[in-house]
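Thanks for coming. I will take a few minutes to go through one model, and I will give the cut-offs as I go.

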Amino acid sequence: MKHNFRYEVWCLLRRNISLGQLLGYALANVIGLSVILIGIIFFGDSQHSNSDDDNFFSEDYVVLSKKVDGIGFRPVAFSEDDIERLARQPWVQKVGRFTASRFAVNGSVSMGGRGLSTYLFFESVPDDFFDVTPREWSFNPEEKFIPVILSKDYLTLYNFGFAIPQGLPQISEEVIGAVPIVMRITGADNRTDVYDAAVVGFSSRLNTIAVPQDFMDWANARYNPGERRDASRLIVKIDRMAASGMDSYLKDEGIEIAGDKESAGNISEFLRVVSGVVASNGVVISLLALFILTLSIFLLLQKNKETIRKLMLQGFSPGEISRYYDAMVLIANTVITIMATTIAVCCRALWDGQLHAIGLGGASVLPMLWSAVAYLVLVTWFNMYVIRRQLAGIWKGA
Amino acid sequence: METITINNLLPMVFAGMEDTDKICSSQIWGEQSFVFRRGCRMCIHAESGCGKSSLVNFIYGSRRDYKGEILFDGKDIRSFGIERWCDIRTRSISFLPQDMGLFPELTVMQNIELKNNRTGHKSRSQIMTMLERVGIAEKRDALVGKLSIGQMQRVALIRAVCQPFDFIFLDEPVSHLDANNNRVVAGIISEEADSQGAGMIATSVGNHLLLDNAQFISL
């Protein structure tokens, strides 16, 4: 038995197809599906960093400390449990501890015959947390030379906050680096040693006077071997794209974050919510469109009921008849999906530039394409299911 | 298919009327067993409202509002699924309903080809020959909706023989045909049924199909 598409059968079944209803469904569905796909592609872009560099949304470092209340003589510090729990957070990539000096430091410089001396402190973090890696960044106890990295903020503060009002000269990083410094270190047992030192680099990331970890471990063991302190500050490498839970975690744990680093995570979260809202609207519009088509199918099959009954009396099965309507909804839904996908891809150009400027965008279009295909399959399946149900109902009366 | 057996068949609408003259005088309704055999020729006649159309529709599976049972080669047709029925309607039983079941929006030829293209039973020239024999060859491209009832009956009869069958049921097939056309269509149907060894069962209210050697059954 042949089951090919027959022109004369299609002539019968296409009667009563309302072009207006079909176009109404198509238009509503193109709009609905476009909105869904725009939401998906925007979500992808807003969660996708387009650069490996240290920019607004890519991986980033934050310095954390515990909140100090009132006046505390007991140092507020992170316990091992605190650090372990923190390291398990999804947005944490790497945790580094600040090691504070357990000895007294006095630094002095000699400028034009005049000496300048002040008490200082040192801190160190593991080398891979630095944003600068100077050539001299190492310590050898025999050479008695301590390389120092200063916060860039200190120099900026001096040049623009202190030097200008005081009528002092502004100085560059190179000039500072050329100044020899003498460090006098006094240990817990009042033992004192003198070291040469120099500023070998400036860090934008670390707001401290940093020395190599090698030196710090050696010096703490040498000048104050008995005392051991928990880390009072931590430097954490974070994944901004996964940082939506960071703020609430830090708040709950009473941890403070240095600077204004929360904003990127908040914007990322905001964009995520926006794309969710957009996609939800698309789903509502598409559901309404689907409702229109389902009603149209009911109406069409009811209008063609007598014709379908006569075909069934001639031996046509519901499956054979449904093929003609299946082809119609498949073609309509395919055209709708192609149009909506094209619209979504074109709309991407509207935000691509802006997102790129803040380090986002450039996400793969594959999730959107898969969603479009899934939509096509699901909606067409649902349409076919409705058609078969209706035809089965007509069969019972034929 | 060799036999169609009907046991204690009664339309639902006649339920409770088993003891009335209408049912008692019937050779089919309420009978313990009545058999249509392949190759039979029967004319079932009755007045209007006695259930002629109901009977053929019950057998064709297009109505199920009856008591009793109908068996095709011993199998109860109530157990048949959609695919089985479609197969039966395409290969085993041909049926010409009283309303003819034609599509007025299609031409004469399209109506016939709608079935013949599925079965591939007749060639185009055979169809044309039959149209010529019943005198409507020149109407082949006319819309069926524009034909007279008599012309429609001839189109429906030709379409009914465009398939293989073991039984052909014709519900008042010549009610709008004159004696001459009656004889012509009876000849076409008889030839086709004979060539297939099939049974022919026609109903009528008086103007019955002019079949030779037909057995008359009173419903």
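I start with a helix pair in chain B: H4(B) and H6(B) are roughly parallel to each other, a label for angles under 35 degrees, with over 145 counting as roughly antiparallel, 65 to 115 as roughly perpendicular and the rest as oblique. This is a predicted model, in which local features need pLDDT of at least 70 and side-chain atom pairs count only at pLDDT 80 or more, while totals for chains, interfaces and linings use all residues. Residues are numbered from 1 along each chain as its sequence is written, and chains are lettered from A and ligands numbered from 1 in the order in which they are written.

Helices (H or I, at least four residues) and strands (E, at least two) are DSSP runs, numbered from the N terminus. H4(B) covers residues 108-119 and H6(B) residues 149-160; their packing angle is about 25 degrees and their axes are 9 Å apart. Axes are lines fitted to C-alpha atoms, for helices over the stretch in contact, and angles run from 0 to 180 degrees between N-to-C directions. The crossing is right-handed, that is, the near helix is turned clockwise from the far one by less than a right angle, anticlockwise being left-handed. H4(B) contributes B:Val108, B:Asn111, B:Ile112 and B:Lys115 to the contact, and H6(B) contributes B:Val155, B:Ile158 and B:Arg159. Contact here requires C-beta atoms, placed from the backbone, to lie within 7 Å. By class, that makes 4 nonpolar, 1 polar and 2 charged residues. Nonpolar covers Ala, Val, Leu, Ile, Met, Phe, Trp, Tyr, Cys and Pro; charged covers Asp, Glu, Lys and Arg; the others, Gly among them, are polar.

Now a pair in chain A. H2(A), residues 19-46, packs on H10(A), residues 318-357, at about 40 degrees, with axes 7 Å apart. This crossing is also right-handed. Residues in the contact include A:Leu33 and A:Leu37 of H2(A), and A:Ala340 and A:Ala344 of H10(A). The class count is 17 nonpolar, 5 polar and 2 charged.

Back to chain B, which has 7 helices and 9 strands. Of its 219 residues, 45% are buried, meaning 20 or more other C-beta atoms within 10 Å of a residue's own, against 12 or fewer for exposed and anything in between for partly exposed, with C-beta atoms placed from the backbone. Among contacts in chain B with a separation of 6 or more, 80% join residues 24 or more positions apart.

Helix H7(B), residues 179-196, has 18 residues and spans 26 Å from first C-alpha to last, close to the expected 26 Å; the expected span is 1.5 Å times one less than the number of residues. Its buried residues include B:Val185, B:Ala186 and B:Ile189, and the buried set packs against H5, H6, S7 and S8 of chain B. After H7(B) comes B:Gly197, with a positive phi near 65 degrees.

Is B:Leu209 buried or exposed? B:Leu209 counts as buried, because 25 C-beta neighbours lie inside 10 Å. B:Leu209 sits in the loop between S8 and S9 of chain B. Its contacts include B:Val174 and B:Ala186, and its C-alpha is 6.3 Å from that of B:Val174, 35 residues apart along the chain.

Last, the interface: 17 residues of chain A contact 18 of chain B. On the chain A side, H1 (7-13) and H9 (305-313) each give two or more residues, and H1(A) gives the largest share, 4 residues.

Terms used:
Contact = placed C-beta atoms within 7 Å. Lists of a residue's contacts leave out its neighbours within four places in sequence.
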